[in-house]
Amino acid sequence: MSATDPAARAAELRTLLHHHAHRYYVLDDPEIPDAEYDRLFAELQALEEAHPSLRTPDSPTQRVLGRVLDGLAPVGHAVPMLSIRTETDTTAAGAEAFDARVRRELGLADDAPPVAYNAELKFDGLAINLRYEGGVLVQAATRGDGETGEDVTHNVRGIGQVPLRLFGDAPPVLEVRGEIYMRRDDFERLNARQRDQGARTFVNPRNTAAGAIRQLDSRGMANKKLSFFAYGLGEVRGWAAQPSTHSATLDAIAAFGVPVCADRAVVQGATGLVEFHRRMGDKRDALPFDIDGVVYKVDDLALQQRLGFVTREPRWAVAHKYPAQEQITLLRDIEVQVGRTGKLTPVAKLEPVFVGGTTVSNATLHNLFELRRKGVRIGDTVIVRRAGDVIPEVVGRVPGPRAAYVPNFRMPRECPVCGSRVVREQGGIDHRCSGGLFCAAQRKQALLHFAGRRAMDIEGLGDKLVDQLVDGGLIRTLPELYALGLAKLAALDRMAGKSAANLVAALEKSKRTTLARFLYALGIRHVGEATAKDLAKHFGAIDRVMDASVEQLLQVDDVGPVVAQSIRTFFEQPHHREVVEQLRAAGVHWDEHEGSTAANTPQPLAGKTLVLTGTLPTLTRDEAKALIEAAGGKVAGSVSKKTHAVIAGEEAGSKLDKARELGVTVLDEDGLHALLSSHPATERAE
């Protein structure tokens, strides 16, 4: 049972929250839902607000960011944070040279047993010293010059992986040293948000992490998710059970609740070092964070003491690097690439440079606004980055004056592939080709979308077949799909006679469709299924949609200025109208009517929202949805107080529970049919 005394309950909550934070941030194995953690956190907050004396430095509530400093205070390191010697030879010879040096300095004979080393990763982040007193985090400091660092406790407290209190029987004083870094996925998400907001993007994860930690205003940490790994110790007092090896020390640190990277191993001699370097090199691109090498440390702490230091570097450790992932080179030109969706991307043409294990001659510049923010122009010396399988990118220019004036790069007004007008939506950052169905760069994407299940539903027309049809020159436009005969299809690779016949039959079947499906299949930007249905219902005929002005389009439900302009731009292209006419000439057809303003079709579900859940006896989910929409209703994916009714079949799930909780009407398939046949003025069923 939970404690009822406020002090006891606060202590209980702190213990629970520390435990669950460790499971979530360090072990990546949460035991409770986020909502339950938030409930416990809110309870502790309320207790501390009611009883301020219960608020302790190690309380999880003290991670809250927002402290602003006048400057970072200096922190003297009780044990210097020394740098590790770097082995510049990135081949196996680098590991062999280190082992030979250690054996020589230890005076080991050639036939002596191999030295045991702890091999670990060299993280590309910011070195940090965490000081725990009585098991509680009291200070976090940067490396600085090794003797004196900067107090960054206010920011480090905001890193979920850094425990505010250690588990178990921690020593009176324990300084844990490690690396603060940013995962690649967190870095990409951060930059994506920056681009969406039109803000400056960040160069690389390492610089972003370092900049976040050293800022004075900790509120800047709020959108930067950082991580932490421990790799050693600083000052230690009163640890009677301190291990005798480095590897056992890391195990003990992990037992205290501090994250330690699992990619480490105790290896024997040069052979073990070479194998670890190779294995981690093969794994490097798949890691969720950046490393620039591995680190070898003599595992026996007594041997470390014997080896000692030279010019402030330990003789018992070395960093063995991999080929660099950033290099500088010359930007020779900027070209524009048109993607499958019509997006125009400026691409840097580079003086070839070896980076990240391969020779790079092209790199993305993302978009015009990103290019301008980086201040990059043709002829500049630029920094190129390649990490893992990520497309190489230009991250910035090397500062310095230009020899002569070079104008800013400008995006073309016409698509370099098809000559169609290039457009940019108001407030958007991407430039796009308006050629759509006509543009060769977008041909495969247009075909796949057109054939999709919710569009023309051409079964059997998938990625590989579209590649063959387009690459072989058999299809250039959508209407040519319907000219494909059995002989042409059967002659394709891996296309047997039966498969060819099935595709011909699917093409013929697809000719009978609906206006809504046809509009969606055209792939008009911003026109999804729901918008296509609204357009079909409002206008009733394809010609009226094609001829509609922006003002007329804005009269359609849920069509705003951006969508209206996108539709207008699409049908202003003569080649798009030609494709529509050619598809109709090929036999594609649907029923048309006068549009919603003149239609007399009863709409019993007009203005009502229904939710489908479970399996109905005779109707599929799509069939039930079509009936509801034909009756003027809308189908939502979740239940709310505004839901008119939930149509539930067998094995209905959480939506049924939610409906009962909110008092929303629940109907079966018969109840749905009764709704569909009711008079439009029928009141909500009970």
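The legends below accompany an overall view and several close-ups of one predicted model.

In this predicted model, local features need pLDDT of at least 70 and side-chain atom pairs count only at pLDDT 80 or more, while totals for chains, interfaces and linings use all residues. Residues are numbered from 1 along each chain as its sequence is written, and side-chain values use heavy atoms, with hydrogens and water left out.

**Figure 1. The whole chain.** Let us start with the overall view. The protein chain has 23 helices and 24 strands, taken as DSSP runs numbered from the N terminus (helices are H or I with at least four residues, strands E with at least two). Along the principal axes, its C-alpha atoms fill a box of roughly 95 × 70 × 55 Å. Of the 686 residues, 46% are buried (under 20% relative accessible area; exposed is over 50% and partly exposed in between, with a 1.4 Å probe and protein chains only). Among contacts (heavy atoms within 4.5 Å) between residues at least 6 apart in sequence, 67% join residues at least 24 apart.

**Figure 2. Helices H19 and H20 crossing.** Here H19 (residues 561–572) and H20 (residues 574–585) have axes that come within 5 Å and cross at roughly 80°. H19 is therefore roughly perpendicular to H20 (65 to 115 degrees; under 35 is roughly parallel, over 145 roughly antiparallel and the rest oblique). The axes are lines fitted to C-alpha atoms, for helices over the stretch in contact, with angles from 0 to 180 degrees between N-to-C directions. On the H19 side look for Arg568, Phe570, Phe571 and Glu572, which meet Pro574, His576, Arg577 and Val580 of H20. This contact has four nonpolar, one polar and three charged residues (Ala, Val, Leu, Ile, Met, Phe, Trp, Tyr, Cys and Pro are nonpolar; Asp, Glu, Lys and Arg are charged; the others, Gly among them, are polar).

**Figure 3. Phe571 and the largest nonpolar core.** A nonpolar core is a set of buried Ala, Val, Leu, Ile, Met, Phe, Trp, Tyr and Cys residues joined through side-chain atoms within 4.5 Å. The largest one has 57 residues, of which Ile458, Leu481 and Phe571 touch the most other members. Helix H15 (residues 515–521) gives the most to this core, with six residues. Not counting residues up to four places away in sequence, Phe571 touches Leu519, Leu522, Ile524, Val545, Met546, Arg577 and Val580. A second, separate core of 35 residues includes Val156, Trp239, Leu250 and Val258.

**Figure 4. Helix H11 and its cover.** The buried residues of H11 are Arg443, Ala446, Leu447, Leu448, Phe450 and Ala451. Among the elements that cover them are H12, H15 and H20.

**Figure 5. Two positive phi angles.** Most residues other than glycine have a negative phi. Asp457 has a positive phi of about 55° although it is not a glycine; its place is the loop between H11 (443–451) and H12 (463–471). At 39% relative accessibility, Asp457 is partly exposed. Glu651, also not a glycine, has a positive phi of about 60° and lies in the loop between strand E23 (645–648) and helix H22 (654–662). With 77% relative accessibility, Glu651 is exposed.

**Figure 6. Aromatic rings.** The whole structure holds twelve aromatic pairs (rings of Phe, Tyr and Trp, its six-membered ring, with centres within 6.5 Å; planes under 30 degrees apart are stacked, over 60 edge-to-face and the rest tilted). Phe309 and Trp316 form an edge-to-face pair, 6.3 Å centre to centre with 75° between the planes. Phe309 is partly exposed at 47% relative accessible area, whereas Trp316 is buried at 16%. Elsewhere, Phe123, Tyr181, Phe229 and Phe289 form one aromatic cluster.
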